[in-house]
Amino acid sequence: MPRASVLPSDELASQWYRAIGRLFEQLDARATGNARSPAAGPMRCVLIGLGCGHALLALLEHAMTRHAQGRAVELILLPDRWPAVADLNDLLDGACRAPPPGWDALLAGWPAGLPGLHRIMLPDPSGRRLPLRVLAGSGEPSGLLRRLAAPIDALAIIASHDPARPESHAGLLRALKTCCRPQTLLLHADAGALERDAIGRAAFDLHPAPSDPQGWPPDCAFASRRGLSRPHAADRTVAAPATVAVIGAGLAGSVCAAVLAREGWRVLLIDGAEHPVAGNRQPRLADHPHLSPDDNFLARLSRHGLAAARRWREPGIRPGRLQLAADAQEAWQQRRACEALGPNAATLARPVDAREAAQLAGLPTGRGGLWLPACEAHDPEMLARAWRRSAGIECRFGAPLARWSRHDDGWHLLDPQGRLLGRADALVFAAAGAVPPLARSRIAAANALAMSGSTARTFPDSLPGTLPELARLRGQSTRVRASGLEVLRCIVAGNGYVCPLDDGTALVGASTGAGGDEGPVDADDHANIARLARLIPAFAEPALPVQRLGSAVGLRFSPADRLPLVGQLVDDVALHANWRDLARNDREPLPRVDTVHVLAGLGARGSLWAPLGAELIADRLAGRMPAIEGDLLDAIDAGRFVRQRLRRTGAG
Ligand SMILES: Cc1cc2nc3c(=O)[nH]c(=O)nc-3n(C[C@H](O)[C@H](O)[C@H](O)COP(=O)(O)OP(=O)(O)OC[C@H]3O[C@@H](n4cnc5c(N)ncnc54)[C@H](O)[C@@H]3O)c2cc1C
């Protein structure tokens, strides 16, 4: 039992307040000294474990004070247990302290404890929002720490560790090597001789004991990591929000414009169509999350997508999705997928039998499956219009972008006739299948400038693009009416989906095939009606004829791996100039066009990927730690296909 537990709680709370205060004072000193440029992004502080909550409260108080003074701070929690909201309030009561600023937002946004990184934004008294990330998951904290996609400046380890497993504690400290900066500060609770030894071996120098040991948490060690401060790969100078041009006003571009406008950017939203229609003209887009027993990339990413989508839209009228199991084997896989999510799985999905499935759907489905209460279906055009109405967005439609180039006053955007559509400090390409050719058009623009004598530099037209061509898949959905279908309560999905519409009709979809989006095809409507009959067998009966009311055709664009393309554009010119070096060392960061981002290839999951991608781009432009794990970030990175090509060259 640590000595801490015998101290009165308020005394211990004050001690932690002082200890975390000292940590922040050192961070303050560094920010004002030369060790680290204040423009290099926020100070990132991690708390491992919750203990009796004193360190968490102290961290929030000190961070919020700094934040209200204009300092950029980010907090990351790795709780060693998952408290419910009521338990968090108990922590506060136990510490006998007033709630720190942002406490209510913390409680309101406290995640349900599904594995992965969770995002909460805490408003400080001036209304600015401090990002808090909570990382949940089973396994060693060292493994979780390695999933953070940005370096740490300060760390407090409160988690009690098993003295019988010193290797686990040593592993945690070793993990700091990859995710800490040189000079990262460490506060370690309950640090006996063994722990101090491990701290020293992990290249941390212990600081001398404080002059007032009574005012310090018992056995708490303070240390800083050895090594000279040098830039981390994820560090970058953060530009103050100015003007960003978003190209494409579909689902992706519209939500991206809204997210960036809320960050304070002036947004120019450009679309080639006079009247862009979001969501491939579909009356509803349903959330299609993926679950898998091994909780794979797609499953983890779609959880992030669902959480992001819910932050950016009003709650749906008839929420919930029933994912029917095709057979016993799939039902077993579904149960295993829920088990993989741990004890809080039901907030995302829980297995239901055929009887409960029928109750939830309002119609007999004949089989059970998974119930996903958080999924919804929305009218994409209504969503996009609401997003585009956000303050700070200027829309310019009927304005196709053809080329773009860098000038002293920012990026210039030109239409096919060479007319200037606008200027911006940053760009986001969200024009679906047009993004890869648009990304390449910078070369043509630069060469045109050279031809006109504006610059001396030309580039070979033959440079291959850094984005893959996106596969194009035609799709058609069918709006149907049938007697009894009006009582359908939720999305029912299996091989295809049926989704209730507000007027008692339903949308069934969707076909997948080659071809363009010229017009509907009868065969696809019939295939959709057959889908409905498989999902709700009553509609296979001739006594319940299904009437076709209309069809909506569109194109889905995806890269070969079916994951979206999100992130900074790779700099094609710098890439090809340094190709050999990069192929030799695949740890070297890819050269990027710093202020140009991509959000494309959303395939059949635009409803999830568009808000998630928009938030990730906003994180990047603001210099914040991305709110998804590093391996997921790599999996959707707009540079991943370049990385693959480099690896093949390096291996060859
Ligand atoms: C039949 C069908 C059913 C679907 N059902 C679902 C579903 O249930 N759930 C789901 O999540 N997803 C679904 N999808 C997929 C979803 O529609 C897409 O993922 C999403 O709409 C893609 O959005 P986007 O903004 O990337 O592309 P788009 O909506 O295509 O927007 C791209 C915009 O860029 C503009 N643009 C193009 N080139 C230029 C240029 N040079 N200059 C300026 N502007 C340009 C275009 O005019 C367009 O407005 C479905 C798709 C189909 C076809």
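A: Let us begin with the ligand: β25 contributes the most to the shell around it, with three residues. Helices (H or I, at least four residues) and strands (E, at least two) are DSSP runs, numbered from the N terminus. This is a predicted model, in which local features need pLDDT of at least 70 and side-chain atom pairs count only at pLDDT 80 or more, while totals for chains, interfaces and linings use all residues. Residues are numbered from 1 along each chain as its sequence is written, and side-chain values use heavy atoms, with hydrogens and water left out.

Q: How many residues surround the ligand, and which are the closest?

A: A residue is near a molecule if one of its heavy atoms lies within 4 Å of it. Here 34 residues surround the ligand, and Ala252, Asp271, Ala286, Gly603 and Ser607 are the closest. By class, the shell has 18 nonpolar, 13 polar and three charged residues; Ala, Val, Leu, Ile, Met, Phe, Trp, Tyr, Cys and Pro count as nonpolar, Asp, Glu, Lys and Arg as charged, and the others, Gly among them, as polar.

Q: Where does an oxygen atom of the ligand lie 2.8 Å from a polar backbone atom?

A: That backbone atom belongs to Gly603. Another case is Ala252, with a polar backbone atom 2.9 Å from an oxygen atom of the ligand. At Asn280, an N or O atom in the side chain is 3.0 Å from a ligand oxygen. A polar contact is a pair of N or O atoms within 3.5 Å; within protein, one must be able to donate a hydrogen and the other to accept it, and residues adjacent in sequence count only if both atoms are side-chain atoms.

Q: In what sense do strand β23 and strand β24 pair?

A: Strand β23 (residues 496-500) and strand β24 (residues 506-509) pair in the antiparallel sense over four bridges. Pro500 has Ala506 in β24 as its bridge partner.

Definitions and conventions:
Pairing = 2+ DSSP bridges.
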